[in-house]
Amino acid sequence: MSDSLLSVFKRLILALRAVGRILADPGFAAGVLRLEQGETPAPAEPARPALRETPPDSALQLLALLQQEGRFVDFLQENVTAYSDADIGGAARVVHEGCRKVVHDYLQIKPVCEEAEGVRLTLPAGFDATAVRLTGNVVGQAPFTGTLMHRGWRVIGITLPKVAEGHDVRVLAPAEVEL
Amino acid sequence: MSEARFAIGIDLGTTNCVLAAVDLQTSDLDEVVDWIEAIPQLTAPGAVEERPLLPSFLYLPHPDELRPEDRTLPWGEQPPFVVGELARSMGGRTPIRLVASAKSWLCHPGVDRRAAILPVEAPEEVERVSPLQASMRYLEHLRAAWDLRHSDAPLAEQEVVLTVPASFDPAARELTAEAAAAVGLGRHLVLLEEPQAALYHWILASRGEWRKQVRLGDIILVIDLGGGTADFSLIAVTERGGALELVRVAVGDHILLGGDNMDLALAHAVRAKLAEQGTQLDPWQLQGLTHGCRNAKEILLGDARVEAVPVVVPSRGSRLIGGTLRTELTRDEVARTLVEGFFPMVEASARPATRARAALTKLGLPYAQDAAMPRHLAAFLGRQVEATRDLAGFENRRPENASFLHPTAVLFNGGVFKAHSLLDRTLELLDGWLAAEGAPPVRLLEGADLDLAVARGAAYYGYVRRGRGVRIRGGTARAYYVGVESAMPAVPGLEPPIHALCIAPFGMEEGTQAELPSQEVGLVVGEPVRFRFFGSSVRRVDQVGAVLEQWTADEIEELEEIEATLPAEDRQPGEVVPVRLHAAVTEVGTLRLEAVPREGGEAWKVEFDVRGKG
């Protein structure tokens, strides 16, 4: 891609966009100034890959909802080896029904690939590696052709309840004391 | 701003409230822009969510039960009570602090509805509320929810349509309007009967096609079976100036029988089954069971291939696996308990075992004593056999010897009918009754939105009131009478017979006045004077001033007493002033009675809902 090939129209668009950004972004403005004064732009220092902490609030909130509707934490905290499959099955209905309701009510989940599992499909160059994971004989160049083993799931919408300021989300389920 | 931008429909239901809106500016004829407004509410302590339904429950927490921040609402208030989903779930664990079915209390003539009586079972230290206040709390919440999102168009300035059961008596209507006015919604308020709202929704949903689905001479039966009440109405399709017109010709009695009774009945049936196996349920588990049975019922009655649905009752403690009870609800049990219990096959001549409004003295809701919905329906259609006699275009339509009014189409409303087989059973019953008298089967009017239709239809009514669509005519569904003692000489040991003086004829439209009756009654100056008050849903021809010397219990129903007080002012206390009772129907849709003195001067309001005042 060569900058000198930009058409007049594209350059006009670029100029207009640059004006906006020069006004809004002092760092960008300084860079343009250096360019305008004939300095060769210093290669932008590559941002160091960073890991970030995710705030635990929404995770705890979702866990609390799964517990409230589907007794999820109760279920996980039990030692299932001590019970018969029939007993576990009865409890699993509670967990399944409740957790399914939570997932259905608060998250919109869709498969990443709409195709049926087992079909052959081709991934073009530039596919989203976050959404599709290659496994097995991973060699050569895109396009890749392979078998869809798992359709994947993607959240396309999430609405968690609003939480009051000062509400302790670490309490997943309050203790209950009947008077 | 004085011009309303939206028409708002509020379904203030026994178990759920719904808020719907129509944009008056962008809607045009049959292209109506309408939606259900999501209602933010507490769903857990400190957590607020938007839901389409606001459960009509009010919870009065102990001061140590919820911290103020756990009661924070999106509009920045922390009221000392809880409304909506959280109120319902907290009430399940602590029923003594839960106000439920406030609407049924609002139309319970046996109690003073302005007195703090709810929750009835609450211990002394709980500060109780009146049925009127409970209704106000729900309306207040709806108003705040709307105003939060539409700060430029507050609810108080919009055209508000509030729905009431068709069977609400004048006192209950007035109390509903009073609750709305108390939270600032009185400015552009109008009341609408719920079955009519359901039909308006059907018209809205047909997008102008309704004229092709009904024809002149049709009689539409609306069966509205909500969480707590059963409400029937008959709407006739007539013609005026070449265009089809709808006239509501009759409404049914107030019957406290609904989906909640059915879920509870199922839960008790399953509880009995568990008890036979030696398992006793505590109240908390029974509630879980009721919830499970409601879901199982909808699956079983919605899909004929399913024979049994497992119902599990989770344990109360954290040990889920060992403590969970598992049972199942079978098709046979549902059929026995619900279909045969609530929808038995009966003849058109069947009547409920007892009249719905029997005991007025007991403190408790006067639930229908006969749970069989078809018997109530048969009684309604039988009583209304003459409903269309005087209607233009219907003169020759009633077959000779018909023992009940023959509907030609039926519209269902209410969550109960999500169970398809209950809907089919009702159709089967109606068709059987009709076939026995040689009449064709009813047509089902499709396209109902069982939970949300009333609110949406109400909002649509706010829109058509501006002359942009068909309106259902009909006016008041009863004629009203006061009891006057006859002028016969007193006989010892015999109460003087009471005559009924008609003061408001059947079918008075909103914003109209009845004539002044020629008869006068005496009011004692400075003292409250009570009158016996009667209503009839079948006597369509009585005009103001008509005096009935006798009547049957089936045609005239005694309502609560009414009361008038003439202040002393320039009169002598104790003096008897002859007055005439004048009836009017307000723009809001409530009945208004006034005592007009013979010599002129100011008229005095006659009060409904007088219980507990003297």
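The following exercises, each with a worked solution, concern a predicted model.

**Exercise 1.** State which scores the model has for ipTM and pTM, and what average pLDDT chain B has.

*Solution.* Begin with the model as a whole: its ipTM is 0.70 and its pTM is 0.84. One stretch then calls for separate mention: over residues 356-362 of chain B the pLDDT is below 50. Beyond near neighbours in sequence, this stretch has 14 contacts in the model.

**Exercise 2.** Determine into which domains chain A is divided, and how far apart their C-alpha centres lie.

*Solution.* Domain 1 of chain A covers 8-36. Domain 2 of chain A is assigned in two segments, 57-129 and 143-158. Between the C-alpha centres of these two domains of chain A the distance is 46 Å.

**Exercise 3.** Describe the second largest pocket by its volume and its lining.

*Solution.* First, take the volume, which is about 620 Å³. Second, consider the lining of this pocket: 25 residues form it, and Val132(A), Arg133(A), Leu134(A), Thr135(A) and Thr147(A) lie nearest the centre. Third, identify the elements that give two or more residues to this lining: they are strand S2 (120-123) and strand S3 (144-147) of chain A. Of the elements, S3(A) gives the most, with 4 residues. Finally, sort the lining by class: 14 residues are nonpolar, 9 are polar and 2 are charged.

Conventions:
Residues are numbered from 1 along each chain as its sequence is written. Chains are lettered from A and ligands numbered from 1 in the order in which they are written. This is a predicted model: local features need pLDDT of at least 70, side-chain atom pairs count only at pLDDT 80 or more; totals for chains, interfaces and linings use all residues. Side-chain values use heavy atoms; hydrogens and water are left out. On a 1 Å grid over the protein atoms alone, a cavity is a set of points where a 1.4 Å probe fits but cannot get out, and a pocket is an open set with protein on both sides within 12 Å along at least five of seven lines; lining residues have an atom within 4 Å of a point. Grid points are joined across faces, edges and corners, and a volume is the space filled by probe spheres set on the points. Ala, Val, Leu, Ile, Met, Phe, Trp, Tyr, Cys and Pro count as nonpolar, Asp, Glu, Lys and Arg as charged, and the others, Gly among them, as polar. Domain bounds come from an automatic or database domain assignment. pLDDT is the predictor's confidence in each residue, from 0 to 100. Contact means heavy atoms within 4.5 Å.
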